Amino acid sequence: MTLSSLTNLSRVRAASKAFIPRCRVQFHGLSSQQGDKGAKAIQKQESWFVKVVCTLFVHSQPLDDSSLGYLIKNLTPSTEFEVVKWLNNPAFGLKFFELSRENLDITHSFWTYNLLIRSFCHMGLHGSAKLVFDYMKIDGHLPDSTLLGFMISAFGRAGEFDMARKLLAEVRSDNVMVTVFALNNLLNMMVKLNKLEEAVRLYKENIESNFNPDTWTFNILIQGLCRVGKVNQAFEFFNDMRSFGCFPDIVSYNTIINGLCKCNEVDRGHILLNEIRLSDDCLPNVVTYTSVISGYCKLGKMKEASALFSEMVNSGTVPSVVTFNVLIDGFGKAGDMLSAKSMYEKMDSFGCNADVVTFTSLINGYCRIRDVNQSLQFWSAMKVRNICPNIYSFAITINALCKENRIHEARELLRELQRRNIVPKPFIFNPVIDGFCKAGNLDEANRIVAEMEKKCEPDKVTFTILIIGHCMKGRMLEAINIFDKMLSVGCTPDGVTVHSLISCLFKAGMPNEAFRVSTIASLDTKLNSSTSVDNKAHLRINRDVFVDA
């Protein structure tokens, strides 16, 4: 054997020994089956020849004609695969692949394409992976379902959904089936990233041509559609399942029932619940019942919710904490605190421990019927159980205390809130600020605002309370400064705020300032200039706080 491009064969062998240890790390993406094939290839080929080819390629570029001629005679598809693998660098591997493809007349094996594609995908170089795939098709090779599934999953994880879609379109006419597991993963990723329309289109383009759907496929699309309120479209997929040999499972039913109840179509959800009860395929579980119960509670239909709860218990289905929470919240909002407390007292017998949502719902219910003392008892009970109140617990109680003019108690709760690791919102501070302003204690109101600004920014209601509060006490210069600060932070005053301030400025004998405020207001196109709105509507700070069940 001679290689005219080398002055000494032993020098090449020495160089290969120095080069190979730095490169002897396996490529990404080789399955055990591919590894076995690689091991067999190494047994058939002298490993030194592979090392020599690697050394030549890395250190002797460009290769001269005699070297190319030698490689043409001696390089085989299996050897070429070993060279690409030993180079251990996808960029080098692709260059050698292209060199052998264009200049050495090598017919590459499937495993070379597979190796390069997987390696580029693992490196995040999906464009290079697609380039190798294009070479693969041009050279007359088709991917198997495993490689195709790997590629679309890799493209999906990278957010390259268009590339995955084009890839599936390219193999559609080649009768290459993608595994349902891989396509389901892709659809699931698209739905989670709010690419719902693209997911539905992808499903319709590839149904039966590239894959056969299963129940999970339909559940993914049904969940996505229900999440955005497209329940009727979700029903179309729900009804199509059987035509593909798939049957709805409890996840399918729960998803569609929950979607219906969130759209206030609770009766339709209840009909489906009864359908499951009569079915031999699956049985309703706690999630099924709780979804319908929650739907009735949100509509204020507590009689129906209670009847369904009894049916649930009688069927042997054990309610969860969430079940009790939605019922307690529903009774509380309906003003039926006897039933709400009764539900709370039943929790222990079903092995359910009350949580912060339970107590917050009870507190909210008693505050709604203006029984603040009873709500404070549950506040204390929550502390005894070492359950930390959340932002809604504080907001509801503080708001209720302010409505009862118990502003000093509300102030203490506000201090407790600030000691906790809770990020407050302006709507929690505003009732207390308003209470102290109405009591004429502007200094305390200003102190609360200063504390508030360390945690969150004042909103329009905060500024309006302060401006009108200072005006009522005749502290006009401070009111003007608050108005200017409101504008400087980009908070637009409403018509009530402006007209109240202007009126007080005129009464205080400050016409120039009144004219300046009026001019600023008239230049602000966003300002609602209507004076017919009741002042109390703009200053409504004792608002209802919703409790998530």
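Reader: Is S100 buried or exposed?

Author: Please keep in mind throughout that this is a predicted model. S100 is buried, with a relative accessible area of 0%, and the residue sits in helix α6, which spans residues 90-103.

Reader: What does S100 touch, leaving aside residues up to four places away in sequence?

Author: With those sequence neighbours set aside, S100 touches E80, D105, I106 and H108. For H108 there is also a polar contact, in which its side chain and that of S100 are joined at 3.5 Å.

Reader: How should I read a helix that has a buried side, and which residues of α14 are buried?

Author: The general idea is that an α-helix has 3.6 residues a turn, so residues three or four places apart point the same way. In α14, which covers residues 231-240, the buried residues are V231, A234, F235, F237 and F238. Around the axis they cover an arc of only 160°, which puts them on the same side of α14. The face turned away from that buried side carries the exposed residues N232, E236 and N239. The cover over the buried residues of α14 includes α12 (196-206), α13 (215-227), α15 (250-262) and α16 (266-277).

Reader: Which residues are buried in α28, and where do they lie around its axis?

Author: The buried residues of α28 are M476, A479, I480, I482, F483 and M486. Viewed down the axis, they fall within an arc of 160°, so they line one face of the helix. Exposed residues L477, N481 and S488 are carried on the face turned away from the buried side of α28, while the elements covering its buried residues include α27 (460-472), α29 (495-507) and α30 (511-523).

Reader: How many residues does α28 have, what distance does it reach from its first C-alpha to its last, and what follows it?

Author: α28, residues 476-488, has 13 residues and reaches 18 Å between those two C-alpha atoms, which is close to the 18 Å expected at 1.5 Å a residue. It is followed by G490, whose phi is positive, near 80°.

Reader: How many disulfides are there by the sulfur distance rule?

Author: The rule asks for two cysteine sulfur atoms within 2.5 Å, and the count comes to 0 disulfides.

Terms used. Residues numbered from 1 in each chain as written. Predicted model: local features only at pLDDT ≥ 70, side-chain atom pairs only at ≥ 80, totals over all residues. Heavy atoms only, no water. Helix = DSSP H or I, 4+ residues; strand = E, 2+ residues; numbered from the N terminus. Expected span 1.5 Å × (residues − 1). Buried < 20%, exposed > 50% of the residue type's maximum accessible area, 1.4 Å probe, protein only. Arc of directions from axis to C-beta. Contact = heavy atoms within 4.5 Å. Polar contact = N/O pair within 3.5 Å; in protein donor to acceptor, adjacent residues only side chain to side chain.
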